[in-house]
Amino acid sequence: MALAVAIAAAMPVGAQTVAITGGKVYPVSGPPIEGGTVIIVNGRITAVGSGIAIPADAQRIDATGKIVTPGLVNSATELGVQEVGYGAGPNDETAKGKDNIAAAFTVWDGLNPNSVMFAPARKDGITSFVVLPNGGLVSGQAALLDVVPGTTSDMMIKSPVAMVAEVGDPQSAGVNSRGELIVKLRELLEDTRFFQTHRDAFDRAQTRTFSASRLDLQAMIPVIEGRLPLLVYVDRAADIDAAMRLAREFNLKLMIGSGAEAWMVADKLAAAHIPVLTGAMNNIPGGFASLGQRQESAGLLRKAGVSVALIGNAGGGDEEAFNVRNLKQEAGNAVSYGMTWDDALRAVTLTPAEIFGVSDRVGSLQPGREGNVVVWSGDPFEFTTRVEHVFVRGREYHDKTRQDMLMERYKTLPGTHNNPPQ
Amino acid sequence: MRALLCLLLAGAIAGCASAHPQTTTTPARDTTEAGVGLGGTSTPNADPFPSTYTPFPSRTTVIRNVNLLTAAGPTIRNGAILLQNGKIVAVGATVNAPADALVIDGTGKYVTPGIVDDHSHLGVYSAPGVEASSDGNEATSPTTPQVWAEHSVWPQDPQFPRNLAGGVTTLQVLPGSANLIGGRSVVLKVVPGRTVQSMKFPGAKYGLKMACGENPKRVYGNKGGPQTRMGNVAGYRAAWIRAQDYRRKWDKWNADHKGDPPTRDLGNETLAEVLRGNILVHNHCYRADEMAQMIDISHEFGYKIRSFHHGVEAYKIADLLAKENIGASIWADWGMFKMEALDAVKGNMALVDHAGARVIVHSDDPSGSQRLNQEAAKAMAAGAEIGLPVSEDQAIKWLTINPAWALGLDDRIGSLEAGKNADVVLWSGDPFSVYSRPEKVWVDGAMLYDRTDPSEQWRTDFELGFVPFNRN
């Protein structure tokens with residue numbers, strides 16, 4: 001009996017069979033299916049299609065007239081490492097590092113799974129997220145996680161998924177000019193290469209000194225081996241080009257983040273198979289490095305054949321934390337500014353999963369993938385659409401957020417100060 | 001990441017509100033406030049930087065077969081609107097199209113009043129955001145009522161035409177929120193101009209920007225204070241005490257002209273005009289408890305707060321705001337970027353609206369300002385989710401007539417009614433859809449933006465050569 005209880009407690013409530021039937025299913029990995037069925041067994045998708053037999057024990061979700069998509073993946077967040085953006089103690093997305101290099105920094109080790117930020121995100125259909133380090137020249141390593149309860153290990157899909165660097169702001173890199181910034185990055189890459197082949201000598205203290213610490217150099221090895229993508233935050237077309245030259249020189253697997261002017265070098269990015277994380281709600285020439293910022297950017301890049309993952313890039317109310325939920329608005333605006341609807345959906349689901357090497361786990365509705373599924377009352381990008389069901393790893397969540405509790409409390413003024421009903 | 005920097009700049013340093021001037025060059029048709037609000041009898045020089053705005057050339061225009069969200073009544077389906085001589089002449093199921101009218105078929109499209117953003121820093125925090133153009137906070141003293149936002153406005157800020165393309169036709173440009181009292185705001189028409197005077201809304205009242213909470217104490221905590229919220233309040237009160245004294249001396253001299261006039265003081269001149277009711281107070285204030293204290297201060301000194309800006313906790317005191325007739329200039333969903341934004345809820349607008357207070361969708365953000373329609377749509381959805389639905393007819397008011405009221409301009413702009421200024425937006429579809437965009441924008445009857453015609457798209461001097469493409 002005690003054992004049975006223990007097992008039951010450890011099993012997520014939804015670790016069972018779920019059948020979502022009758023909706024218009026967008027697997028993203030394939031064409032949409034009218035009146036399709038999605039079967040989830042023990043947290044994983046086992047079948048997607050029409051005319052699929054529904055297991056007798058399945059919990060049925062009638063999605064007739066609804067839209068069914070994979071859970072959304074937000075590729076640029078500070079979820080769990082930033083509770084209050086400013087003026088409330090240190091946030092955990094930026095490492096001190098050494099001389100603006102913090103390659104060894106594993107940002108997810110500071111992640112708080114109990115952050116109040118998760119529930120509002122999941123409630124609006126975000127089921128997976130990339131947590132990014134920022135600051136300095138090499139900011140650290142990013143990871144991709146699911147929005148599920150438990151520990152960081154429980155949430156983790158893959159770590160690291162990228163090494164993050166910021167190219168284009170000499171000041172934050174601790175140098176005086178862009179060219180010098182590239183020199184500094186090249187020095188780090190060369191030192192990593194040398195370190196990689198002279199580990200024994202290093203450990204015997206028989207090498208020259210390096211530009212970075214032992215742990216930073218070690219963390220950079222997968223980057224120079226082309227196994228770990230280097231996600232470079234950069235805006236100016238010329239700076240993107242400089243990053244591409246460096247990537248060619250060292251055979252790096254490059255990704256571009258922000259990319260205000262990426263559309264100006266779209267053909268080159270497409271030819272080099274370099275994906276871009278960018279948004280569709282910013283057209284402000286906010287600096288001399290982003291004079292070409294435009295809302296058509298995502299659509300133009302896609303048209304040129306670039307893999308595009310949509311992220312927030314206009315700053316609306318803390319888009320990397322509290323407002324990661326507005327990814328669907330970003331997608332809707334991308335459509336308004338020239339991206340196809342299908343591409344926009346892909347850009348918030350399967351494309352980020354592919355870019356970060358986790359498309360075998362999330363981002364599409366296919367057998368074997370995590371049961372991360374959202375049932376929408378209509379077009380996922382439209383404001384009037386409600387999220388009707390959110391499943392993460394096969395479990396349905398009915399999140400009551402801190403904001404929901406506040407609204408309940410003050411819906412009738414003067415409000416109440418009693419505990420809300422659980 | 002970059003975004004967070006923007007946010008901090010907006011929320012912590014740039015963000016806040018104030019008000020803006022008007023002029024004595026009010027056209028005859030705008031006589032409702034002529035001579036009022038200018039302080040003409042009580043301030044030695046009421047209007048030293050008069051508006052030189054003149055409407056751009058316009059032609060008589062009819063938009064028909066179009067849905068009209070009027071902000072003055074129920075939606076008119078498949079109706080029509082006539083714009084003539086800079087004014088809205090007729091709105092209804094049909095209108096008579098003069099022979100010379102440009103007739104636009106609006107089938108499937110929507111017409112709304114021009115959007116009014118009562119919280120902007122365009123021109124004072126211009127793009128590119130370099131130090132040389134950082135002109136929004138006179139952060140040299142916590143109380144700077146002597147500064148006027150218009151003296152910082154760069155008419156070539158490339159953010160202006162982007163705002164117009166977002167359907168915004170009137171802006172209140174405010175000083176930032178570093179200071180307890182940040183200075184005067186200015187109300188601008190979103191039109192090209194060589195000078196700020198040529199953008200100033202004729203006859204608009206000035207506003208005064210005040211700020212509560214974290215920003216002033218953060219900026220001055222190590223620069224002589226205030227260091228605390230109680231220090232903030234002492235600072236407001238001290239300033240109003242000085243202003244009362246100043247006003248008394250001038251009012252006496254204005255009445256009897258005995259002896260030399262009192263010495264002019266620019267800061268107290270502005271504050272005295274607030275006390276006389278000629279300048280509208282726009283108060284950056286996030287928290288409910290602080291808003292209530294600011295209301296008490298306004299009672300103590302006998303001035304009115306026109307609108308609280310960034311009131312993320314407005315829903316907690318919506319009844320008080322309704323009773324005091326104070327606007328709530330708020331975001332749809334920004335929150336948690338600092339402690340005083342902790343209790344932000346998506347239902348804020350719906351809750352405030354249903355409590356009978358005046359909701360204003362504001363931006364404090366050059367990007368968000370271009371999509372205030374989308375912000376309203378998100379807030380509508382949040383209302384529906386908590387059982388407080390908001391109709392499109394109500395939500396359009398949040399974007400137009402309510403902010404127009406906050407600027408004291410609701411008799412001239414903010415709704416589609418005969419006699420109002422012809423500030424009009426033609427949308428590709430329902431403005432509360434994520435897929436709709438402004439197609440054409442008129443200011444005083446002049447079409448200043450046409451998405452389909454690059455020759456009708458305003459480019460600032462700055463953009464020439466620097467911005468390598470044509471916006472649409």
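The model is predicted: local features need pLDDT of at least 70, side-chain atom pairs count only at pLDDT 80 or more, and totals for chains, interfaces and linings use all residues. Residues are numbered from 1 along each chain as its sequence is written, and chains are lettered from A in the order in which they are written.

**Chain B against chain A**
- In chain B, 54 residues are in contact with 47 residues of chain A (C-beta atoms, placed from the backbone, within 7 Å).
- On the side of chain B that touches chain A, at least two residues each come from α1 (2-14), α2 (159-165), α3 (214-220), α7 (318-324) and α9 (372-385) of chain B; helices are DSSP runs of H or I, at least four residues, and strands are runs of E, at least two, numbered from the N terminus.
- The largest share of this side, seven residues, is from α1(B).
- By class, this side of chain B has 32 nonpolar, eight polar and 14 charged residues (nonpolar: Ala, Val, Leu, Ile, Met, Phe, Trp, Tyr, Cys and Pro; charged: Asp, Glu, Lys and Arg; polar: the others, Gly among them).

**Helices α4 and α5 of chain B**
- Helix α4 (residues 229-256) and helix α5 (residues 266-275) of chain B pack with axes 8 Å apart, at an angle of about 85° (axes are lines fitted to C-alpha atoms over the stretch in contact, and angles run from 0 to 180 degrees between N-to-C directions).
- α4(B) is therefore roughly perpendicular to α5(B) (65 to 115 degrees).
- Among the residues making the contact are W240(B) and W250(B) of α4(B) and L271(B) of α5(B).
- Eight nonpolar, two polar and two charged residues form the contact of α4(B) with α5(B).

**P90 of chain A**
- P90(A) lies in the loop between β6 (72-77) and α2 (118-123) of chain A.
- P90(A) has 8 other C-beta atoms within 10 Å, so P90(A) is exposed (12 or fewer, with C-beta atoms placed from the backbone).
- From P90(A) to D379(A) is 289 residues in sequence and 39 Å in space, C-alpha to C-alpha.

Notes: Two residues are in contact if their C-beta atoms, placed from the backbone, lie within 7 Å. Angles under 35 degrees count as roughly parallel, over 145 as roughly antiparallel, 65 to 115 as roughly perpendicular and the rest as oblique. A residue is buried if 20 or more other C-beta atoms lie within 10 Å of its own, exposed if 12 or fewer, and partly exposed in between; C-beta atoms are placed from the backbone.
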